[in-house]
Amino acid sequence: MNLGITIIGVIGVACCTLPFILTNISRNKKGKEILKVLKNVAEKHQAKITKHEICGAYAIGIDESKKAVSFVSKNKEEIVSQYVDLSTIKSCEISRVNRISANKGEVIDCLSLKLSSDVKQEPDVFLEFYNAKVNYQFSGEIQSIEKWNQLIHDLLN
C-alpha cells in the first residue's frame with residue numbers, strides 16, 4: 001500500500017514540475033539561438049561582443065573596444081538585426097510611444113533606444129526593446145533599456 005502511494009506521489013510531482021522544466025529548456029534553447037545570431041551580426045562587422053543581454057524577444061550586445069552595438073529582435077515571422085557604430089552617434093535616449101487606455105491610464109505601446117547620428121542627413125536608429133503588438137506584457141524590458149542607455153551614454157562620453 002505504501003509503495004502505491006509513493007509511486008502516485010512521484011508521478012504527481014513529476015507532472016507538476018515537467019511543464020516548468022520544459023519551459024526552461026525551451027527558453028535556454030531560444031536564448032542560445034538568438035545569442036548566436038547576435039554574435040554573427042557583430043562578426044560581420046569585425047566586432048566582438050564583450051557584454052550582452054538576452055531579454056524576451058531580443059538580444060543586445062556591445063563591443064567596448066570598437067564602440068559598437070549589435071541588436072537582434074525576433075518576432076513571430078522574422079529576425080531583425082542591427083549594427084550601430086557609436087563613433088557616428090551623438091546621443092542616446094529612451095523613446096516611449098504611449099496611448100491612453102479605456103480606463104484613462106497611460107499604456108506603453110513601444111519602448112526603444114533612440115540613437116541620434118552626428119550627420120544630419122542620417123536617420124535616427126531605433127533599437128526596439130518592447131512592442132505591445134509582439135509582447136503582451138513586460139518581462140524586464142524597462143530595467144534592461146535603462147541599463148543599456150547608461151552603458152551607451154558611458155561609451156559616448
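User: Which element gives the most to the lining of the largest pocket?

Analyst: The model is predicted. Two elements, α1 (2-44) and β1 (51-55), each supply at least two residues of the lining of the largest pocket. Of the elements, the one that gives the most, with 7 residues, is α1.

User: How do the residues of this lining divide into nonpolar, polar and charged?

Analyst: The lining includes Ile34 and Ala57, as well as Thr23, Ser26, Arg27 and Lys74. Its residues divide into 4 nonpolar, 4 polar and 4 charged.

User: How much space lies in the largest pocket?

Analyst: Among the residues that line the largest pocket are Lys30, Glu33, Ile54 and Cys55. The space in this pocket is about 420 Å³.

User: In what order do the strands form the sheet, and which are the edge strands?

Analyst: The sheet is open, with antiparallel pairing, and its 4 strands follow the order β1-β2-β3-β4. A strand at the edge pairs on one side only, and this holds for β1 and β4 (79-85). On average, neighbouring strands are turned by 10° against each other, direction ignored. The order is thus β1-β2-β3-β4, and the edge strands are β1 and β4.

User: Which residue in β4 is the bridge partner of Ser73?

Analyst: Strand β3 (residues 68-74) runs antiparallel to β4, and 7 bridges join the two. In β4, the partner of Ser73 is Val80.

User: At about what angle does α1 run to β3?

Analyst: The helix α1 lies across β1, β2 (58-63), β3 and β4. Relative to β3, α1 runs at about 140°.

Note on methods: Residues are numbered from 1 along each chain as its sequence is written. This is a predicted model: local features need pLDDT of at least 70, side-chain atom pairs count only at pLDDT 80 or more; totals for chains, interfaces and linings use all residues. Side-chain values use heavy atoms; hydrogens and water are left out. On a 1 Å grid over the protein atoms alone, a cavity is a set of points where a 1.4 Å probe fits but cannot get out, and a pocket is an open set with protein on both sides within 12 Å along at least five of seven lines; lining residues have an atom within 4 Å of a point. Grid points are joined across faces, edges and corners, and a volume is the space filled by probe spheres set on the points. Ala, Val, Leu, Ile, Met, Phe, Trp, Tyr, Cys and Pro count as nonpolar, Asp, Glu, Lys and Arg as charged, and the others, Gly among them, as polar. Two strands pair if DSSP finds at least two bridges between them. Axes are lines fitted to C-alpha atoms, for helices over the stretch in contact, and angles run from 0 to 180 degrees between N-to-C directions. Contact means heavy atoms within 4.5 Å.
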